[in-house]
Amino acid sequence: MALVRCSFYSDVLEVSTTMTVLLPQATTTQIGMSGSASARAEGAPVLYLLHGMSDDETIWTRRTSIERYVADRGLAVVMPRVERSFYADEVHGHRYWTFLSEELPSLVDQFFRVSSRREDTFVAGLSMGGYGAFRWALRHPERFAAAASLSGVLDLADESYRERRLPDIERVFGDREIAGSDDDLLALLRRAAAEGRTTDLPDLFLACGTEDFLVDGNRAFEQVARESGVPLRSEFSPGTHEWGFWDRTIPDVLDWLPAR
C-alpha cells in the first residue's frame, strides 16, 4: 500500500485541510505483507472511511491495522478530516456536508486513479463517522454500493444523546428540529419506505457493542429498518465504545463489502 497524507485547499471550507489516503500497490518482495493493485481502466474501488468526534483523518491508520487489512483487496481508502462537525453544514462553523458530499469526491477523482462508479464506491465510519456514513448513503444512495456504521450515532434525535452532546449539537445544528428532518437517519429510512425507494438504497451494515452507550440508538435504527423493509445486516456483540472493538470489526466490514 501507498500511504498518502494529502494537504489541499478546500473552496467549500475556505481553508486548507488534509486527508489520509491508502492506495493499492502490487508488491512481490515486501516482507510480511503482500499487496494487490487494480489494473482496471476505471481505477481502484474506493472506501470513504470516516472518523469519530474526538479524532481526525489519521486515526484509522494509528489505532487499527486498516492498511494491512486492505492490502490484498486492491481497495483505496480515503479518510477525510471534518473536525466535530457531524458531517453537516454547521450553523456556527464550516460547510462540512457540502465538502464531504460534493467537493471531496471531485477532488479524490482529480488527485487519484480511483473508480467513481457506484458499484465500486463504499462508505463506512465509527461513532460520529457512522452517522456520517449512513447520512451520506441514505441521502445519496445513487453513489454507493454499500455503507457501514460501527458504533454509530444513529438516533441523533434521541434526547439522552442530545443532552450528552448539547454544546456540539447546538453549534452544528442550532435550534432546528432534528426529528423528521434530513439530519434524522430514522426519518430517512421511513421516507425511503414511504416513497418506495428501499430497493434503491445501498447495502447497509451495522455493528455495535452491547455495552456501548450508543447501543439503544443502534437497536432503534435496526428496528426502523426492519419495519421499513430496508435490508440491513446488524451485529451486536460484547464490547464498548473503544478501538479494540472497531479494530476487530472493520475486517468484517471489508469482508462484507461487495467489492469486485
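Where is Leu22 found? Leu22 lies in strand S2, residues 15–23. This is a predicted model, in which local features need pLDDT of at least 70, side-chain atom pairs count only at pLDDT 80 or more, and totals for chains, interfaces and linings use all residues. Residues are numbered from 1 along each chain as its sequence is written, and side-chain values use heavy atoms, with hydrogens and water left out.

View 1. Strands are DSSP runs of E with at least two residues, helices are runs of H or I with at least four, and both are numbered from the N terminus. Leu22 is buried, with a relative accessible area of 0%; buried means under 20%, exposed over 50% and partly exposed in between, for a 1.4 Å probe and protein chains only. Leaving aside neighbours within four places in sequence, Leu22 is in contact (heavy atoms within 4.5 Å) with Met1, Ala2, Leu3, Ile66, Glu67, Val70, Leu75, Ala76, Val77 and Met79. Phe134 is 112 residues from Leu22 in sequence, and their C-alpha atoms are 22 Å apart.

**View 2. Ser149 in strand S6.** The strand runs over residues 146–150. Ser149 has a relative accessible area of 0% and is therefore buried. A polar atom of the Ser149 side chain lies 3.3 Å from the backbone nitrogen of Gly152. With neighbours within four places in sequence set aside, the residues in contact with Ser149 are Gly125, Gly130, Phe134, Leu154, Phe205, Leu206 and Ala207.

View 3. In H6, residues 166–173, the buried residues are Asp168, Ile169, Val172 and Phe173. An α-helix has 3.6 residues a turn, so residues three or four places apart point the same way. The buried residues of H6 pack against helix H4 (128–139) and helix H5 (159–164). Gly174 follows H6 and has a positive phi, near 65°.

**View 4. Phe86 and the nonpolar cores.** A nonpolar core is a set of buried Ala, Val, Leu, Ile, Met, Phe, Trp, Tyr and Cys residues joined through side-chain atoms within 4.5 Å. The largest core has 57 residues, of which Met19, Tyr48, Phe86, Val123, Leu156, Phe173 and Phe221 touch the most other members. A second, separate core of 31 residues includes Leu22, Leu49, Val70 and Val253. Beyond four places in sequence, Phe86 is in contact with Met53, Met128, Tyr131, Arg135, Leu156, Tyr161, Asp168, Ile169, Val172 and Phe173.

**View 5. The packing of helices H7 and H8.** H7 covers residues 185–194 and H8 covers residues 215–228. They pack at an angle of about 5°, with their axes 9 Å apart. Axes are lines fitted to C-alpha atoms, for helices over the stretch in contact, and angles run from 0 to 180 degrees between N-to-C directions. H7 and H8 are therefore roughly parallel to each other, a term for angles under 35 degrees. H7 contributes Leu185, Leu186, Leu189, Arg190 and Ala193 to the contact, and H8 contributes Ala220, Phe221, Val224, Ala225 and Ser228.

**View 6. Asp183 in the loop between H6 and H7.** Asp183 counts as buried, at 4% relative accessibility. The side chains of Asp183 and Arg135 make a polar contact at 2.4 Å. A polar contact is a pair of N or O atoms within 3.5 Å; within protein, one must be able to donate a hydrogen and the other to accept it, and residues adjacent in sequence count only if both atoms are side-chain atoms. Not counting residues up to four places away in sequence, Asp183 touches Tyr131, Arg135, Arg139, Leu156, Phe173, Arg176 and Ile178.

**View 7. Positive phi at Glu14 and Glu83.** Glu14 is not a glycine, yet its phi is positive, about 60°. Glu14 is placed in the loop between strand S1 (2–10) and S2, and counts as exposed at 63% relative accessibility. Glu83 has a phi near 55°. Glu83 lies in the loop between strand S4 (76–80) and helix H3 (96–111), and counts as partly exposed at 37% relative accessibility.

Key: Angles under 35 degrees count as roughly parallel, over 145 as roughly antiparallel, 65 to 115 as roughly perpendicular and the rest as oblique.
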